[in-house]
Amino acid sequence: MKGLLRFCFVFISLPLAVGAKPPNVLFIVVDDLNDWIGCLGGHPQSRTPNIDRLASRGMLFTNAHCQGTMCNPSRISLLWGRRPSSTGFYDNHYHVSKVPEFLKGHVSLPKHFAASGYKTLTAGKIFHGGAPEQSQVVGPRPGQWRKGLDQMVHKKPKTWHRTWDFGPQDYEETKFTDHVTATWVAEQLGSKHEKPFFLSCGFYRPHVPFFPPRRVYESFAEVQLPRVDENDWSDLPDAARGVSLSNAKIPTHEWMRENNRWQQAVQAYLACVRWTDEQLGRVLDALDKGPHAGNTIIVLFSDHGYHLGEKQRWSKFSLWERTTRVPLIISVPGGVKGKCDQPVELLSLYPTLVDLCGLPANTKLEGVGLRALLENPGAAWENVALSTLGQNNHAVRDRRWRYIRYADGSEELYDHKNDPNEWRNLAAKDPLPEHATVIKRLKAHLPKINLPQRN
Ligand SMILES: [Ca+2]
Ligand SMILES: [Ca+2]
């Protein structure tokens, strides 16, 4: 412990030592990005040189997980520092402007930075539903220029969410949302600011519709499809089918196969990831050329993962690895570079950034700061990552195992050492004694509070 404390002391001096000026923060969120990035190796054909170069200059967390398993609950959780089970925000339907009303006495991450003397700027999707009032300076809003640009590619079932479509687009690349966002963010990074800044940059792709420019789409061909076990669902409890497999607004895997669209959707998703990576490259180049290069902490993460046929399903909304696992990179000037495979949560971002920037602590946060792992990725770590989908349905992830428990008491257990695709539910029948021990240990991490869903 003594050694660790000394280590931490060295670490805290790193960002703050540069001219005694507090570090800036560049906070980058990519919407619906799973592990199909080069440095996580999730798909052999993914091309993300800019995410990879960011990973090489910071700490890449290879076992990071969201707390809410879709956009809004994930973002509310990480931006207010509270678990979904502690707030009752489990779904996408409520508008983010209602959150402060329900979370009285709680302060969002950008508001905390503003209250601590920072200039806060934002562009693109950070809060689900906008919430421009959460930052002082707001970049271009998509509604101002986007109308009529995207052209739908497919006729689709009426039940699907209006955003569901995939395929190439043919309008001017500079008019794509994420290009506009990156341009504005790059301008801020090239400008001088009187105060330290907290600049948040939200990229919208690869969220549906998977609409990349045709140039990028056509640069991917003959894409490889994820592997599927045809009997995968045979060992799932009914609750898993109810909670994770029934969502009429998203395509079924049967539809993708019957209509011969699986290949095209994977190609469009890979192209969207590549397109966003290009925009990230423009942002990183602007930072490196500008006046803030040596004094800016960079964070990049996704709000949740994504299924593209794995476990015979699509989109998010599950408690499996494909939905909960997210890319997470934290780059601190002068900090340690490496990879960390300990289970960590997006809930940790708020306390970690507050700590790294030397801001007053927010005592209401539920996440654990990542300082120890940023300094030494092999440091002792007793924490797990917890993900939630609706009231009282949770997944617990440690370094090796995933335990899922649904509100009706049914369970799943997966061994990532031997079953990275989560095909074999070890809790389906009477578990072996060694698995029962794992279940007992992980079950102890389930949250004690499970508030009902807010209306
Ligand atoms: Ca999302
Ligand atoms: Ca199975």
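## Basis of the model

Two residues are in contact if their C-beta atoms, placed from the backbone, lie within 7 Å. The structure is a predicted model, in which local features need pLDDT of at least 70, side-chain atom pairs count only at pLDDT 80 or more, and totals for chains, interfaces and linings use all residues. Residues are numbered from 1 along each chain as its sequence is written.

## Packing of H7 against H11

In H7, Asp178, His179, Ala182, Val185, Ala186 and Leu189 meet Trp275, Thr276, Gln279, Arg282, Val283, Ala286 and Leu287 of H11. Helices are DSSP runs of H or I with at least four residues, and strands are E runs of at least two, numbered from the N terminus. The contact comprises 8 nonpolar, 3 polar and 2 charged residues; Ala, Val, Leu, Ile, Met, Phe, Trp, Tyr, Cys and Pro count as nonpolar, Asp, Glu, Lys and Arg as charged, and the others, Gly among them, as polar.

## Nonpolar core

A nonpolar core is a set of buried Ala, Val, Leu, Ile, Met, Phe, Trp, Tyr and Cys residues joined through C-beta atoms within 7 Å; buried denotes 20 or more other C-beta atoms within 10 Å of the residue's own. The largest such core has 117 residues, and those with the most contacts inside it include Ile28, Cys201 and Val283. H11 gives the most to this core, with 15 residues.

Beyond its neighbours within four places in sequence, Ile28 contacts Cys201, Leu280, Val299 and Leu300.

## Overall architecture

The protein contains 15 helices and 15 strands. Its C-alpha trace spans about 60 × 55 × 40 Å along the principal axes. Buried residues account for 50% of the 455 residues.

Conventions. Chains lettered and ligands numbered in written order. Buried ≥ 20, exposed ≤ 12 C-beta atoms within 10 Å, placed from the backbone.
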